[in-house]
Amino acid sequence: MAVRSKKEKEHLNLVLGSHLATIHETLQVLDRTPPSSATKVTWDDVMKMGDQVSKQATTVGMLWTGEQPESKAIEENMASYFNTLQGFLLVSHGSTVGAGPTLSSAVHASVKQVVDSSFRLMKETISLYGTHSKDQKLSVPQLVGPVWEACSALKKTPSTNVTAIGRGMTQVAVSVKDVLREMKELKPASSNDQVDKTSGESCPEAAPEPHDGNSSEDDIGNDLSPEEMKVAERAIEVVSDTLSFIKLLIHSIIGLLKVEKPSDNSSFVNSMEKLLQLCQELGRQIDEIGACLYPPQEIPAIKAGSEKILSIIDTVQVEVEQLLGSSDVFMEPCNGLRSSLRQLASELSNPSIADEAARLENITLTDK
């Protein structure tokens, strides 16, 4: 009986390997961009196929409930499961007709979750065959659950280029908001610290304050000089205006939902993809400026970041005007951000800022 069980398990593994190979081949084909002339599949159809995969996973769970299933029943179940998964992959690929890189990436990520969880389910259940494991009833539901979750997550996957790009910009906005919050936590040094900084010396009479292991980390950003605080305040205005700029850009992009054509993968999608890349670069520059505000401030890097942001604004404005036409509503935050950048540039050009940065750098080097 044991020999027969071993042979059956070997056969089941061969069958499983064949199914897995077929799915891998399909995935390789689906990595190619579908032609724009192909018929586009709606995301609703993809979700319906996802529901079918979810039901197949439920069937697998039921099959392994109670006594160990027969080899033939397992093989038939595998065939049904992988046929459904194959259909799911095909309709998923059809949904990417006209999709830009951002939407395609989101679809592929969601599909991968379904495929990976399905592979784990089938591999693990086959490995249970012939073991008569007491934990079988507990392990199988834990494998079915991730398939259900992956299929359910399809409902949250963006179905249009506009939605996918809007979400990408929203992620940038969240990051910029975090930087703004951290920048607002920057504080000037205490009056005693200011006296010490001015002289560049420490007070030997001062007794060291008790502190724990995290005190030095907590004090970071709490000892800015008056000159550094002025730079920080101007930078905060820039970041705040940048956040408003990005929010309006997102609103403008989402407004294009009515304009997007299902099969359009030309200039419309390309322009939106470019806007997302510009928005992401804007976020990177904000991150850089935020990091440079901690003492001793890196004035040249802040200047460079500000100049790049100014260039990005100009390019974004051109792209938006090509998509939406000239808009006073969008022009207002553009001009507001430009004004904030000019004020920051003016503050950075103040000779006292450069002198202060050089002095603090010398103090830092001396301490080392």
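Predicted model: local features only at pLDDT ≥ 70, side-chain atom pairs only at ≥ 80, totals over all residues.
**Note on the helix packing and nonpolar cores**

1. Apart from its neighbours within four places in sequence, L249 touches M169, L275, C279, V316, V320 and F330.

2. As to overall composition, the protein chain holds 13 helices and zero strands. Its pattern along the sequence is accordingly written α-α-α-α-α-α-α-α-α-α-α-α-α. Of the 368 residues in the chain, 42% are buried. Among contacts with a separation of 6 or more, 87% join residues 24 or more positions apart.

3. The largest nonpolar core comprises 51 residues, and M169, F245, I246, L249, I253, I302 and V316 have the most contacts inside it. Two or more residues of this core are supplied by each of α6 (161-183), α9 (226-254), α10 (267-292), α11 and α12. The largest share, 14 residues, is that of α9. As a general remark, nonpolar side chains tend to be buried together in soluble globular proteins.

4. The pairing of α6 with α9 may be taken next. These helices pack at an angle of about 165 degrees, and their axes lie 9 Å apart. The angle is over 145 degrees, and therefore α6 is roughly antiparallel to α9. Their crossing is left-handed. On the α6 side, the residues that meet α9 are V162, I165, G166, M169, T170, V172, A173, V176, K177, L180 and M183. On the α9 side, they are A232, A235, I236, V239, S240, L243, I246, L249, I250, I253 and I254. Sorted by class, this contact has 18 nonpolar, three polar and one charged residues.

5. Helices α10 and α11 pack at an angle of about 160 degrees, with 9 Å between their axes. That angle makes α10 roughly antiparallel to α11. The crossing of α10 past α11 is left-handed. The residues of their contact comprise 15 nonpolar, five polar and five charged.

6. The loop between α10 and α11 contains P296. The peptide bond from P295 to P296 is cis, and its omega is near -10 degrees.

7. Helix α11 (residues 299-324) packs with helix α12 (residues 328-348) at an angle of about 165 degrees, their axes being 10 Å apart. The two helices are therefore roughly antiparallel, and their crossing is left-handed. From α11, the contact draws on I299, I302, K303, S306, I309, L310, I313, D314, V316, Q317, V320 and E321. From α12, the contributors are F330, M331, C334, L337, R338, L341, L344 and L348. By class, the contact of α11 with α12 consists of 14 nonpolar, two polar and four charged residues.

8. One further point links the helix pairs to the opening residue. Which residues does L249 contact beyond its neighbours within four places in sequence? Among them are V316, V320 and F330. V316 and V320 belong to the α11 side of the contact with α12, and F330 to the α12 side.

Conventions: Residues numbered from 1 in each chain as written. Heavy atoms only, no water. Axes fitted to C-alpha atoms, helices over the stretch in contact; angles between N-to-C directions. Helix = DSSP H or I, 4+ residues; strand = E, 2+ residues; numbered from the N terminus. Parallel < 35°, antiparallel > 145°, perpendicular 65-115°, else oblique. Left-handed = near helix turned anticlockwise from the far one by under 90°. Contact = heavy atoms within 4.5 Å. Nonpolar A, V, L, I, M, F, W, Y, C, P; charged D, E, K, R; others polar. Core = buried A, V, L, I, M, F, W, Y, C linked by side-chain atoms within 4.5 Å. Buried < 20%, exposed > 50% of the residue type's maximum accessible area, 1.4 Å probe, protein only.
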